[in-house]
Amino acid sequence: MTEYLEIRPLTKQAFAPFGDVIEADPATMRLINGGTTERYHALAEPAVIGEPERLIFSIFRSKPRQFPYAITMMERHPFASQSFSPISGQPFLIAVSHDEDGRPGKPQVFLVQPHQGVNYFPKAWHHPLMAIGVVSDFLVVDRDNTSANYEEAFFDTPYLISEPSL
């Protein structure tokens with residue numbers, strides 16, 4: 001039987017098993033450039049395991065999903081972290097799962113606000129980008145040679161997401 005998943009707000013505590021939330025944290029702020037710029041320092045740490053150790057910056061342009069939306073699969077990157085930061089000023093959805101014997105468990109869905117980004121840890125199961133409402137651009141930092149750093153798994157029964165309340 002198909003199950004609807006709850007959409008929860010993204011918090012550092014709820015997302016901690018899967019990666020880092022990238023957002024301005026007053027505890028990390030330092031003034032730089034003669035006091036004209038606030039630097040929120042070391043909010044996430046990219047990770048690369050094995051060769052090639054090259055991290056790259058890319059822009060992903062994502063079409064909005066239609067709701068209700070079915071989560072049929074999850075993916076993960078065993079050799080590097082992968083971060084997504086919105087640069088179109090739009091919220092987006094993420095879905096993550098705990099690993100259960102090499103397969104994704106039941107997904108957890110979070111609403112990511114326009115001022116937040118995420119950095120998935122290596123091996124963290126996650127769903128591909130889910131833009132909401134409009135085509136959206138994301139700054140992505142990940143390992144070069146992504147085909148060698150990609151696994152996917154499909155669910156026997158999809159999970160559904162209702163249209164989020166913004």
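This is a predicted model: local features need pLDDT of at least 70, side-chain atom pairs count only at pLDDT 80 or more; totals for chains, interfaces and linings use all residues.
## About the model

Local features here need pLDDT of at least 70, side-chain atom pairs count only at pLDDT 80 or more, and totals for chains, interfaces and linings use all residues. Residues are numbered from 1 along each chain as its sequence is written, and side-chain values use heavy atoms, with hydrogens and water left out.

Let's start with Thr28, found in the loop between strand S3 (19–22) and strand S4 (29–32). Strands (E, at least two residues) and helices (H or I, at least four) are DSSP runs, numbered from the N terminus. Thr28 is partly exposed because its relative accessibility is 22%; that class lies between buried (under 20% relative accessible area) and exposed (over 50%), using a 1.4 Å probe and protein chains only.

Apart from neighbours within four places in sequence, Thr28 is in contact (heavy atoms within 4.5 Å) with Arg39, Tyr40, His41 and Leu43.

## Aromatic pairs

Rings of Phe, Tyr and Trp (its six-membered ring) pair if their centres lie within 6.5 Å; planes under 30 degrees apart are stacked, over 60 edge-to-face, and the rest tilted. By this rule there are seven aromatic pairs. One of them, Phe15 with Tyr120, is tilted, at 5.9 Å centre to centre and 55 degrees between the planes. Phe15 belongs to helix H1 (residues 12–15) and Tyr120 to strand S13 (residues 117–120), so this pair ties together parts 105 residues apart in sequence. Both Phe15 and Tyr120 are buried.

Phe155 and Tyr159 make an edge-to-face pair, with 5.1 Å between centres and 85 degrees between planes. Phe155 counts as buried because its relative accessibility is 14%, and Tyr159 is buried at 16%.
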